[in-house]
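Please prepare a briefing on the structure shown below, grouped by topic and with the cut-offs behind each term.

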Amino acid sequence: QVQFVESGGGLVQAGGSLRLSCAISGSTSGTNAIGWFRHAPGEQRELVAIILNSGHTDYVDSVRGRFTVSRDNAKNTVYLQMVNLKPEDTAVYYCNARRSINNTFFNAWGQGTQVTVSS
């Protein structure tokens, strides 16, 4: 069973930067992408960035140009570099893998990592 451990969050001022890490254990065979999600209080969990096995990346418009997703296959780790952070980026951030068979993400989630951006 695949498991995810997120780290790297913290408290930063607006305009600051953070790099999140997602350590993946277990088999990722049958998956075609890793996504970064965030969940802010009172909001639904939102997919903000995705990296396909091909290396192609995509972002939600609100983070495009500020967030960069990358992966180190040798370390089974996916990163989310965030720059020019805004207070509206405050949330718990999670990663997850997307199944190839139906393009859905696993029901199992890690503990997430809290990102708090002060104004």
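Throughout, a residue is called buried under 20% relative accessible area, exposed over 50%, and partly exposed in between, as found with a 1.4 Å probe and protein chains only. The model is predicted, so that local features need pLDDT of at least 70 and side-chain atom pairs count only at pLDDT 80 or more, whereas totals for chains, interfaces and linings use all residues. Residues are numbered from 1 along each chain as its sequence is written, and side-chain values use heavy atoms, with hydrogens and water left out.

**Sheet**

- Helices (H or I, at least four residues) and strands (E, at least two) are DSSP runs numbered from the N terminus, and two strands count as paired if DSSP finds at least two bridges between them.
- Six strands form an open sheet in the order 2-10-9-4-5-6, and their pairing is mixed.
- Strand 2 (10–13) and strand 6 (57–59) stand at the edges with a single partner strand each, so one side of each is left without a neighbour in the sheet.
- On average, neighbouring strands of this sheet are turned by 25 degrees against each other, direction ignored, where axes are lines fitted to C-alpha atoms (for helices over the stretch in contact) and angles run from 0 to 180 degrees between N-to-C directions.
- Within the sheet, strand 4 pairs with strand 5 in the antiparallel sense over six bridges, and G35 stands opposite I50 in strand 5.

**Nonpolar cores**

- A nonpolar core is a set of buried Ala, Val, Leu, Ile, Met, Phe, Trp, Tyr and Cys residues joined through side-chain atoms within 4.5 Å.
- The largest such core has 27 residues, of which W36, F67, V69, V78, L80, M82 and Y93 touch the most other members.
- At least two residues of this core come from each of strand 3 (18–25), strand 4 (31–39), strand 5 (46–52), strand 7 (67–72), strand 8 (77–82), strand 9 (91–99) and strand 10 (113–118).
- A second, separate core of six residues includes A33, F37, V92 and Y94.
- With contact taken as heavy atoms within 4.5 Å, and leaving aside neighbours within four places in sequence, V78 is in contact with L20, S21, C22, I24, I34, W36, I51, V69, S70 and R71.

**Disulfide**

- A disulfide is taken as a pair of cysteine sulfur atoms within 2.5 Å, and a search of the whole structure finds one.
- This disulfide joins C22 to C95, with an S to S distance of 2.0 Å, and the torsion about the S-S bond is about 75 degrees, so the disulfide is right-handed.
- The pair links distant parts of the chain, since C22 lies in strand 3 and C95 in strand 9, 73 residues apart.
- Both C22 and C95 are buried.

**Salt bridges**

- A salt bridge requires a side-chain nitrogen of Lys or Arg within 4 Å of a carboxyl oxygen of Asp or Glu, and by this rule the count comes to five.
- R38 forms a salt bridge with E46, the closest N and O atoms being 3.1 Å apart; R38 is buried at a relative accessible area of 8%, whereas E46 is partly exposed at 27%.
- R64 meets D58 in a salt bridge (3.3 Å, N to O) and forms another with D61, where the closest N and O atoms are 3.1 Å apart.
- D58 is partly exposed, with a relative accessible area of 37%, D61 is exposed at 64%, and R64 counts as partly exposed at 43%.
- Salt bridges that share partners also join R38, E46, R66 and D89 into one network.
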